[in-house]
Amino acid sequence: MGTGRVGAFSLQEFMNFEGSISSFSLMHCGRRLAALLVLATLVASCGEQQKQGGGPPPPAVTVAKPIKRTVVDYDEYVGRFAAINSVEIRARVSGYLDKLHFKDGQVVKQGDLLFTIDKRPFQNTLDQARANLVQAQSNVAFTESDYTRGQQLVRDKTITDQTFEQRAQAFRNAKASVSANEAAVRQAELDMEFTELRAPMNGRIGDRRVSPGNLVTGGTGGNTTLLATIVSIDPIYFEFTFDEASYLRYERLSTAGQDVASRNAGVQVALKLIDESDFDHEGRMDFVDNVIDRSTGTIRGRAVLANSKEIFTPGMFARVRVPGTAPYEALLVPDAAIGTEQARRFVMVVDDQDTARPKYVTLGQVTKDGLRAIKDGIGPDDRIVVSGLMQARPGQKVKPEEQGAKPTAGPDGAPQAAK
């Protein structure tokens with residue numbers, strides 16, 4: 001009976017043994033069992049996928065062939081507008097300023113009356129000169145008749161030759177006096193005319209520098225009084241400078257018969273103002289300086305533009321775009337299709353096996369319609385990834401969707417491939 005109790009437990013002993021197992025040990029065993037179940041499930045699913053031979057589908061990308069177009073590379077410079085003509089209004093006679101006949105800043109026409117100097121002193125001088133002229137003319141008439149009578153008397157030996165010569169000399173002096181007085185009258189009339197200062201050209205006048213009642217110093221010396229300034233506004237110059245290397249490139253292209261920004265007039269340029277995004281204003285080159293500045297190593301160029309709307313003002317800054325190369329054939333792709341790898345630029349090309357391959361390219365400039373000129377690196381039959389560039393990995397299969405190469409503006413203004 002004692003040996004029978006060795007292989008069996010009583011109910012009370014079993015309950016005592018179960019109570020001796022801690023609750024912590026049960027929880028630890030449960031967590032290990034749950035982890036094993038999750039691992040088994042993952043292994044089973046992975047094996048099922050391997051059996052099925054599946055994976056993520058290739059990403060869809062939009063491809064297009066590049067556009068072939070004749071383009072020109074442009075150089076951009078900063079410059080300022082300058083008036084073709086600029087005149088300082090100064091009086092030719094001295095006197096007191098009497099009246100003003102313009103408003104500060106207005107546009108004036110050639111011949112418009114601007115200032116009036118007090119005319120009374122000049123009117124008196126003119127009247128005196130005219131009176132002296134009448135007196136001289138009267139003296140001429142008297143000496144002429146005396147000289148005529150003397151001719152007959154000297155023939156009759158009534159007067160001596162010396163007396164006749166005196167009459168002839170008096171007649172000549174009288175005529176000279178008439179000429180002198182006529183010149184005095186013309187000068188007085190000219191001074192009288194100079195009391196009215198008129199606009200010498202069309203343009204915009206600045207503010208007045210002298211108010212009525214002030215003494216104006218006139219004449220041809222350097223100490224004259226500045227009354228106002230007038231600048232022409234239509235047409236107008238645009239002056240800018242460019243470096244020596246660009247100058248050499250322009251001259252060599254011009255020598256080769258490809259006129260770009262050379263001295264020959266007629267090269268078309270485009271400008272944009274500081275608040276504009278496009279080069280919408282057109283002009284033409286008309287001058288390149290004959291020396292390179294020693295201090296800056298640049299040379300001055302100039303273009304002329306129409307300014308009928310009076311938008312441009314002398315001294316205003318703008319950017320000018322001049323042709324920097326002769327026209328050449330280039331392949332164009334949307335600018336959004338260009339990728340960057342450190343210092344190199346590339347496009348993603350889809351080959352015949354629908355595999356994405358990068359091609360490193362040499363970039364040109366961006367056109368107005370958002371296309372980027374490619375100088376080297378791609379061919380006309382390459383299928384360029386124009387949308388979905390981030391999903392196309394080198395050497396990865398893709399799902400190309402053929403689209404038109406010419407981009408259209410999207411909702412945000414960015415170029416997109418036209419469907």
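Good morning. I begin with an open sheet of four strands, whose order is 4-11-9-6 and whose pairing is antiparallel. At its edges lie strand 4, residues 86-90, and strand 6, residues 107-108, each of which pairs on one side only. Please bear in mind that this is a predicted model.

Within this sheet, let me turn to strand 4. Its antiparallel partner is strand 11, residues 226-231, and five bridges connect the two. In this pairing, Val 87 is placed opposite Ile 230 of strand 11.

I now move to strands 13, 14 and 15. Strand 13, residues 268-273, pairs with strand 14, residues 281-288, in the antiparallel sense, over four bridges. Strand 14 also pairs with strand 15, residues 298-305, again antiparallel and over four bridges. Arg 284 gives us a point of reference here: Gln 268 stands opposite Arg 284 in strand 14, and Arg 284 in turn stands opposite Val 304 in strand 15.

Is Asp 75 buried or exposed? Its relative accessible area is 17%; because buried means under 20%, Asp 75 counts as buried.

Which side chains make polar contacts with that of Asp 75? One is the side chain of Arg 249, at 3.0 Å. Another is the side chain of Tyr 250, joined to that of Asp 75 by a polar contact of 2.6 Å. Setting aside neighbours within four places in sequence, the residues in contact with Asp 75 are Arg 249 and Tyr 250, together with Val 320, Arg 321, Val 322 and Gly 324.

Thank you for your attention.

How values were computed. Residues numbered from 1 in each chain as written. Predicted model: local features only at pLDDT ≥ 70, side-chain atom pairs only at ≥ 80, totals over all residues. Heavy atoms only, no water. Buried < 20%, exposed > 50% of the residue type's maximum accessible area, 1.4 Å probe, protein only. Polar contact = N/O pair within 3.5 Å; in protein donor to acceptor, adjacent residues only side chain to side chain. Contact = heavy atoms within 4.5 Å. Pairing = 2+ DSSP bridges.
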